[in-house]
Amino acid sequence: MSATTESPRGTKLPSALPQRTHDGARRQYIYLAVGLVVLFFLPFVLPESSQPVLVRTLIYGIMAVGWNLMSGYGGMFSFGHAAFFGVGAYTDAVLLTNFGISPWIAMIIGAVFSAGVGVLIAYLCLRYKLAGSYFALATFAFAQMFLLLAQNLELVNRTEGINIPLLPEDSWAMLQFGQDSFNYYWIPLLLLAAAVAVTIAFVYSRPGRYTQAIRDDPVAAESLGIPIMKYRLITVALSCAITSIAGSYYTQYYLFVGPEQAFSMHVSTDAIVPAVIGGVGTIWGPLIGAAVVGPLSELVAAVVRNPPPFLEFLQGVSGLDVAIYAVLLIVIVVFLPKGIYGTIRERLRK
Amino acid sequence: MSILKLEGLSKSFGGLRALRDVTVEIPEREFFGIIGPNGAGKTTLFSVIAGQLGPTSGRVVFDGQDITGWSADKVAGAGLVRTFQLMRPFESMTVLDNVSIASHRRFRSTAKSRDHAAEVIERVGLSQYLNKMSGTLPTAGLKRLELARALALEPKILLLDEVLAGLVPTERAPIIDLLRDIHRDGVTVMFVEHIMAAVMALSERLLVMHEGAELTLGVPEDVVQDPRVVEAYLGEDF
């Protein structure tokens, strides 16, 4: 601490030095507050039938915000976030149906549990120095193990999945409301806002800045005294907890969860695609990506259900959404390599 | 009192013996040079001391403490800091943030760590690049950035790996002055260098390495006269 007294603080500083952290973080919180207010009123202006799309979009948003912490800011590309989404979804279902535990509490327990699972998986991968595509493949393999586990465990009703019993009346404690209640939209909106707030706080804090340094160059970061495993695992824990909350809410909204809805590869892609389309390693990218992917997936589903005459061959085709994601991803990677938000931000800075 | 003691350090990669029984004692505040042909084990020596690699055998004692086998972050935290021959900036960050990542060790708050980083950046003469992205710096700037990040940790001993490599002579002189300043402020410096003019000007003692082992160790003027050094490294013309 001696150097503090040796160098008179504040006198030698170049006057142009911006205090960007606080300003930076504060500005992001303001954007978040404004966005939250605007989105809060969205159900009043949109037709009632749009609620399922909005909710699905918000769930994508939470998943992608979670994925982005680990994969975007942490540089650990996860191809297995279904594992954490699914653990959240099933923890909620099992605790509620077996023990009558409130979904709110189950959500927290699920998040803690997912964080633990994520830390264990990441520790094993990093301990054995898996990086890049090997890391991604290992996370994918773990998610597949969870899929098999859910399909074969009596506790979670094997392939049949778990239904959440419908309650006769509205209940905040049990997170059930009348079918078209706006609460089903406002709750995930607040959860998403909380996830973004956590991201902002993290990105501008010391652990978050360490995490980004480790992503840029782990060897240099370590040689500057940063315990890289510790900060990587902190990032993973946060990421998995957030994605788990999306899973818990999914169960509550659809009142059902099965192995495919929770742990299939499809779910992992749902966390990745919005972030990649919007901009990996940015605060707002995953949200913008979700706003594209959510309505798009609904549109595709509608076309497959009831195609216009010239697209009649698409009737009942499964996997069309995946094909469209693939095309979209190729277009984005070629023309907007940093995602929609990431690329725009870069152009504006120049 | 010696600040760094290397006792019989060896490192093998499979059948390749990259370091062979290196034993050196470095007194506090010494400016200690290391030269040797490519592949002599100079960078491996740094990596073993700084914890990037564990030694196959031998001990590293720093400031009275046996730090053999410590992880790199722990060694750096204790005050033994190295730089890299190939520059390793955090490319998503500005010059200021690159250095403040190191300042964070002492200052938890981002604002305070940036204040401290700005002072260090001024000291190494990079102030005009403060808010530039680190990837846009020219080579000489990146070298200064490496130094700034290391200095921001307020090290007791600095291990500098070819900090002058890739610079033209006019860029070298100010960095040499800077190294002298750092040393004058009480930092022990161990440096690997190929630029003989700088080695002769800065080193108080000079270690010559050859095939992983010590070839000779002594005052620079004596060392460069040694016929074995001339044959192994310097060539007849020196």
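The model is predicted.

Chain B contains nine helices and 10 strands. Its radius of gyration is 18 Å, close to the 18 Å that the globule rule gives for 238 residues, so chain B is as compact as a globular protein of that length. The C-alpha trace of chain B extends over about 50 × 40 × 35 Å along its principal axes. Burial was computed for chain B as well. Of its 238 residues, 58% count as buried. Contacts in chain B were also sorted by sequence separation. Among those between residues at least 6 apart in sequence, 65% join residues at least 24 apart.

In chain A, the pair considered is helix α5 (residues 82-99) and helix α7 (residues 132-152). Two packed helices are described by the angle between their axes and the distance between the axes. Here the axes come within 8 Å. They cross at roughly 30°. Angles under 35 degrees count as roughly parallel; α5(A) and α7(A) are therefore roughly parallel to each other. Their crossing is left-handed.

The contact between the two helices can be listed by residue. From α5(A) come A:Ala82, A:Ala83, A:Val87 and A:Tyr90. These meet A:Ala143, A:Phe146 and A:Ala150 in α7(A). By residue class, the contact of α5(A) with α7(A) comprises seven nonpolar residues, no polar residues and no charged residues.

Definitions and conventions:
Residues are numbered from 1 along each chain as its sequence is written. Chains are lettered from A and ligands numbered from 1 in the order in which they are written. This is a predicted model: local features need pLDDT of at least 70, side-chain atom pairs count only at pLDDT 80 or more; totals for chains, interfaces and linings use all residues. Side-chain values use heavy atoms; hydrogens and water are left out. Axes are lines fitted to C-alpha atoms, for helices over the stretch in contact, and angles run from 0 to 180 degrees between N-to-C directions. Helices (H or I, at least four residues) and strands (E, at least two) are DSSP runs, numbered from the N terminus. Angles under 35 degrees count as roughly parallel, over 145 as roughly antiparallel, 65 to 115 as roughly perpendicular and the rest as oblique. A crossing is left-handed if the near helix is turned anticlockwise from the far one by less than a right angle, and right-handed if clockwise. Contact means heavy atoms within 4.5 Å. Ala, Val, Leu, Ile, Met, Phe, Trp, Tyr, Cys and Pro count as nonpolar, Asp, Glu, Lys and Arg as charged, and the others, Gly among them, as polar. The radius of gyration is taken over C-alpha atoms; the globule rule is 2.2 Å times the number of residues to the power 0.38. Buried means under 20% relative accessible area, exposed over 50%, partly exposed in between (1.4 Å probe, protein chains only).
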